[in-house]
Amino acid sequence: MIDTHAHLDLEDFDHDRDTLFNEMRAHGITNAIIPGISETQWCKQIAIAAEFNCYYALGIHPWYVPNNIDDSLTLLEQKIIEHKDNARFVALGECGLDKLKPHFPMQLELLSGQLTMSVRFHLPVILHAVKCHQELIELLIRNPNPRGGVIHGFYGGPELAKRYIDLGYKLGIGGLLMNPNAKKLRKTITEIDIKHFLIETDSPSMTPYNALEKRNTPLYLPKFVSEIANLQKKTTVSILERLNKNASQLFEL
């Protein structure tokens, strides 16, 4: 298994990161993709990815809109050029839009710059999308990316899912799946072909429904795979094989 979205560089894991990676391996979780969130975190993120032999992405999250967008995009471009030949560097992101956070016009500007950059450097995109799907879809139509990407933390129904799939994007499925009240998402899992999904945790956030621990970790991945298999009425083995293939194809792992 690979966790396609886990912020294992954050301080939530500073006290037990070694132990967690050992536990992940023991549970068949062989790797993770660590997304970027802001220029102040990139150095630590890249160092941890190197230490634990993880994949990583570079980007600027909509929660961390910088004061000077042009300067920050220039720094991101420089960092991408610096790392573009590293086989562990696999995507641009995490970037996107979030209407629950301030500065939405600046979020749009920041994301537009990153989408342009992703096309230029032939990188798939890891996208954060909250309460902004129409705006995001319009941006993706204006910035077609042959490599596609993933709508991280997808929570919508089948119709929204199909709109993203038609644009070449996969859907990141995480802890929300375990909530029986997440009826739209569970309907999507039931109706949409497994070839369009990735599994992820968004650790340490998005802890699954009824979890005993407040902090999310990649150790929950096997439960997500089992629940997808249950909803699709297929074997866990066949679901896992396809999810692994999806991740390998999208990120060229």
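This is a predicted model: local features need pLDDT of at least 70, side-chain atom pairs count only at pLDDT 80 or more; totals for chains, interfaces and linings use all residues.
**View 1. Helix α8 packs against helix α9.** Two packed helices are described by the angle between their axes and the distance between the axes. Here α8 covers residues 221-232, and α9 covers residues 236-251. The angle is about 115°, and the axes are 9 Å apart. Angles of 65 to 115 degrees count as roughly perpendicular, so α8 is roughly perpendicular to α9. Their crossing is right-handed. From α8, Val225, Ser226, Ile228, Ala229 and Gln232 make the contact. From α9, the partners are Thr236, Ile239, Leu240 and Leu243. Six of these contact residues are nonpolar, three are polar and none is charged.

**View 2. Phe21 and Phe52 form a stacked pair.** A search of the whole structure finds three aromatic pairs. In this one, the ring centres are 4.2 Å apart and the planes meet at 10°. Planes under 30 degrees apart count as stacked, so this pair is stacked. Phe21 sits in helix α1 (residues 17-26). Phe52 sits in the loop between α2 (42-51) and β3 (55-58). The pair therefore ties together parts that are 31 residues apart in sequence. Phe21 and Phe52 are both buried.

**View 3. Phe154 and Tyr164 form an edge-to-face pair.** Centre to centre, the rings are 6.4 Å apart, with 90° between the planes. Phe154 lies in the loop between β6 (149-152) and α6 (158-166), while Tyr164 belongs to helix α6. The pair therefore ties together parts that are ten residues apart in sequence. Are these residues buried or exposed? Phe154 is buried, with a relative accessible area of 2%. Tyr164 is also buried, at 0% relative accessibility.

Definitions and conventions: Residues are numbered from 1 along each chain as its sequence is written. Side-chain values use heavy atoms; hydrogens and water are left out. Axes are lines fitted to C-alpha atoms, for helices over the stretch in contact, and angles run from 0 to 180 degrees between N-to-C directions. Helices (H or I, at least four residues) and strands (E, at least two) are DSSP runs, numbered from the N terminus. Angles under 35 degrees count as roughly parallel, over 145 as roughly antiparallel, 65 to 115 as roughly perpendicular and the rest as oblique. A crossing is left-handed if the near helix is turned anticlockwise from the far one by less than a right angle, and right-handed if clockwise. Contact means heavy atoms within 4.5 Å. Ala, Val, Leu, Ile, Met, Phe, Trp, Tyr, Cys and Pro count as nonpolar, Asp, Glu, Lys and Arg as charged, and the others, Gly among them, as polar. Rings of Phe, Tyr and Trp (its six-membered ring) pair if their centres lie within 6.5 Å; planes under 30 degrees apart count as stacked, over 60 as edge-to-face and the rest as tilted. Buried means under 20% relative accessible area, exposed over 50%, partly exposed in between (1.4 Å probe, protein chains only).
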